[in-house]
Amino acid sequence: MTELPITDIHQLIQDGRAAALAGDTLAARASFRRATELDASSVEAWVGLSSVVPILAEKREYLQKALALQPDNADAAASLRYVEQLIAQGIQLEPSRRRE
């Protein structure tokens with residue numbers, strides 16, 4: 001199997017971010033997941049993937065992977081604390097961010 005150039009991984013991350021901003025979480029998940037498959041050491045890909053999955057246990061797992069790679073990532077640490085607070089309250093799915 002040939003390795004993709006690092007720019008392709010960055011492109012997948014950018015595509016994931018763009019899809020997430022557009023509200024297409026399925027496409028975002030696919031892009032971020034592919035980036036993590038190609039480069040399991042990409043903190044950006046793990047954090048991105050954590051941002052587009054609704055299941056809190058999954059979010060926690062991806063944030064923990066990101067922090068294992070980069071322990072001083074303040075955004076990932078803050079997100080993990082928030083996710084763990086929700087899980088401690090018995091919540092399993094991320095609360096909706098939609099405005100009515």
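Predicted model: local features only at pLDDT ≥ 70, side-chain atom pairs only at ≥ 80, totals over all residues.
# Helix packing and charged pairs

With a relative accessibility of 7%, Thr36 counts as buried, and once its neighbours within four places in sequence are left aside, the residues in contact with Thr36 are Ala45, Trp46 and Leu49. Thr25 also lies in helix α2, but its relative accessibility is 34%, so Thr25 counts as partly exposed. The C-alpha atom of Thr25 is separated by 25 Å from that of Ala88, a residue 63 positions away along the chain.

Two packed helices are described by the angle between their axes and the distance between the axes. Helix α3 comprises residues 43-51, and its axis and that of α2 come within 8 Å of each other, crossing at roughly 150°; α2 and α3 are therefore roughly antiparallel, because an angle over 145 degrees is counted in that way. Their crossing is left-handed, and the contact is made on the α2 side by Arg29, Phe32, Arg33, Ala35 and Thr36, and on the α3 side by Ala45, Trp46, Gly48 and Leu49.

From α3 the packing continues to helix α4, which covers residues 56-69, and here the two axes come within 8 Å and cross at roughly 160°. With that angle, α3 and α4 are therefore roughly antiparallel to each other, and the crossing in which α3 passes α4 is left-handed. On the α3 side the contact is made by Val43, Trp46, Val47, Leu49, Ser50 and Ser51, while α4 contributes Lys59, Tyr62, Leu63, Lys65, Ala66 and Leu69. Trp46 and Leu49 are among the α3 residues in the contact with α2, and Trp46 and Leu49 are also among the α3 residues in the contact with α4.

Helix α4 in turn packs with helix α5, residues 74-88, at an angle of about 150° and with the axes 9 Å apart. α4 and α5 are therefore roughly antiparallel to each other, and their crossing is left-handed. The residues of α4 that make this contact are Leu56, Ala57, Lys59, Arg60, Leu63, Gln64 and Leu67, and those of α5 are Ala76, Ala77, Ser79, Leu80, Val83, Glu84, Leu86 and Ile87.

In one of them, the side chains of Glu58 and Arg33 meet with an N to O distance of 3.9 Å. Glu58 lies in helix α4 and Arg33 in helix α2, so this pair ties together parts that are 25 residues apart in sequence. Glu58 has a relative accessible area of 21% and is partly exposed, and Arg33, with a relative accessible area of 30%, is partly exposed as well.

Another salt bridge joins Arg34 to Glu37, with the closest N and O atoms 3.3 Å apart. Arg34 and Glu37 are three residues apart in helix α2, so about one helical turn separates them. Arg34 is partly exposed, its relative accessible area being 37%, whereas Glu37, at 52% relative accessibility, counts as exposed.

A further salt bridge is formed by Glu94 and Lys59, whose closest N and O atoms are 3.3 Å apart. This pair links distant parts of the chain, Glu94 being in the segment after α5 and Lys59 in helix α4, 35 residues away. Glu94 counts as partly exposed at 23% relative accessibility, but Lys59 counts as buried at 4%. Lys59 is also one of the α4 residues in the contact with α3 and one of those in the contact with α5.

Arg29 brings the account back to helix α2, which spans residues 25-38. Which side chain of opposite charge is nearest to Arg29, and how far away is it? That side chain is Glu58, 6.4 Å away, and Arg29 is buried yet has no salt bridge, because a salt bridge requires the nitrogen and the carboxyl oxygen to be within 4 Å. When residues up to four places away in sequence are not counted, Arg29 touches Leu49, Val52, Val53 and Pro54.

Technical notes:
Residues numbered from 1 in each chain as written. Heavy atoms only, no water. Helix = DSSP H or I, 4+ residues; strand = E, 2+ residues; numbered from the N terminus. Buried < 20%, exposed > 50% of the residue type's maximum accessible area, 1.4 Å probe, protein only. Lys, Arg positive; Asp, Glu negative; His and termini not counted. Contact = heavy atoms within 4.5 Å. Axes fitted to C-alpha atoms, helices over the stretch in contact; angles between N-to-C directions. Parallel < 35°, antiparallel > 145°, perpendicular 65-115°, else oblique. Left-handed = near helix turned anticlockwise from the far one by under 90°.
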